[in-house]
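Reader: Could we go through this structure together? I will ask as we go.
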Amino acid sequence: MAVYAGPVQDLIDELGKLPGIGPKSAQRIAFHLLKLSRDDALRLSRAIVEVKDRVAFCARCFNIAEGAECAICLDTRRNPSVLCVVEESRDIVAVEKTGQFSGRYHVLQGALNPIEGIGPDQLRISELLARLEPEGVQEVILCTNPNLEGETTAMYLSRLLKPLGLKVTRIASGLPVGGDLEYADELTLGRALEGRREVDLD
Amino acid sequence: MALYRDEGIVLRTWRLGEADRIVVIMTRGRGKVRAVAKGVRKTKSKFGARLEPTSHVALQFYEGRELDIVTQAETIDHFRSIRDDLDRLAKATAMFEAVDHVAPDREANAKLFAMLLGALRALAAADSPLVVPAFFLKVLALEGYRPVLDECVLCGTATDLVAFDADTGGTLCRSCRRGGPISAEALGLLRRILGGQLGAALNEPPSAATHEVDQLATRALEHHLERRLRSVHII
Ligand SMILES: [Zn+2]
Ligand SMILES: [Zn+2]
């Protein structure tokens, strides 16, 4: 529904295509941008152009990269036999912060969401399969989100990968540290019970 | 603007902003409700997995103009055997998509809610090939488009029914035939599903006939909705 004249409506339409931005937010952001000084507006537009010109996706793992391959893929100290599959590049940042993982990654650039029309072909799944043998991958860790889309994706991938003779693991789901048990939902608590482990005494 | 309580089944969700989701819920008392679940994407959200699709939950909402706000959610059944199985999850998703398209916002439809809950319970108990087609056919019947199955839609003869056409509204005889062919086995299953023997039909093992019924029910519902059901065709 075009309410505003030419350029303003174009801007609202473009903003409305961004994730999580509905028509009302798009309108609000557009009017905020209209009020910006010319310098501020140019800085924003330059940042967008810059990132498009200088940053692309790693040809191997689809992480964001400033060259053909990302810093992690180029790092020869990383263990090539373990691959951690994530939905988005930002998930790599989260896993890296734990300091617990020294293998490489594969970014699917999304998660299966059949009701929204997102199927296997829209994700980097064929690229994942193509990497396994040449890179000598022995274990794939499915590190997709612990929500419905992420779990659907993990189930789909494990069905695809297990027959290939790989070790396929899924990150454990459990209770958030620092929370109270009584607030945990039944699904989370049930899974946490299943994933219980023996108490270390040392 | 007021608080209200209802129970419902979560059909689908969308991300909203930084940490929220819009949750689409088929409720028992108010039909399909769209509500915002604030902070639900944070690891420490009080909602946890309760507002994910397949969850049957008791809810408290704050009524808003377009979107309500979920203020409390307690699990009645999280249907774990569906969530943990890709095939069952795909089936449940197809039913959720159908309900989302059939049910208008905020229009009570206790019958549709009860049918969906019944179908989920059947699916949780056993991965039957006829759960989804049976549900689609029952939805069509509920909407007033129950297909004719015991005579030819055009000439009324009860013998030699060899075709089925969603557009015309049911079975057709050899001389009036249009749409697609239908086998005697598939026709038998359709009659059982809509003729009060659903429980027995759900025990059918997968076969060519159950596959035929599946395809036919999907086509019939898609024809009625005038759109493709994405989740049926994607995985
Ligand atoms: Zn890379
Ligand atoms: Zn006829």
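Reader: Into which domains is chain B divided?
Author: Chain B of this predicted model is divided into domain 1 (3–81) and domain 2 (128–234), with bounds from an automatic or database domain assignment. Their centres, taken over C-alpha atoms, are separated by 34 Å.

Reader: At what angle do α2 and α4 of chain B cross?
Author: The axes of α2 (residues 86–102) and α4 (residues 131–142) of chain B cross at roughly 10° and come within 9 Å. Helices are DSSP runs (H or I, at least four residues), and axes are lines fitted to C-alpha atoms over the stretch in contact, with angles from 0 to 180 degrees between N-to-C directions. α2(B) and α4(B) are therefore roughly parallel (angles under 35 degrees).

Reader: Which residues make that contact?
Author: From α2(B) come B:K91, B:A94, B:M95, B:A98 and B:V102, and from α4(B) B:V131, B:V132, B:F135, B:F136 and B:V139. Contact requires C-beta atoms, placed from the backbone, within 7 Å.

Reader: Now the contact between the chains: how many residues from each?
Author: Chain B contributes 26 residues and chain A 23 residues. On the chain B side, α2(B) gives the most, with 6 residues.

Key. Residues are numbered from 1 along each chain as its sequence is written. Chains are lettered from A and ligands numbered from 1 in the order in which they are written. This is a predicted model: local features need pLDDT of at least 70, side-chain atom pairs count only at pLDDT 80 or more; totals for chains, interfaces and linings use all residues. Helices (H or I, at least four residues) and strands (E, at least two) are DSSP runs, numbered from the N terminus. Angles under 35 degrees count as roughly parallel, over 145 as roughly antiparallel, 65 to 115 as roughly perpendicular and the rest as oblique. Two residues are in contact if their C-beta atoms, placed from the backbone, lie within 7 Å.
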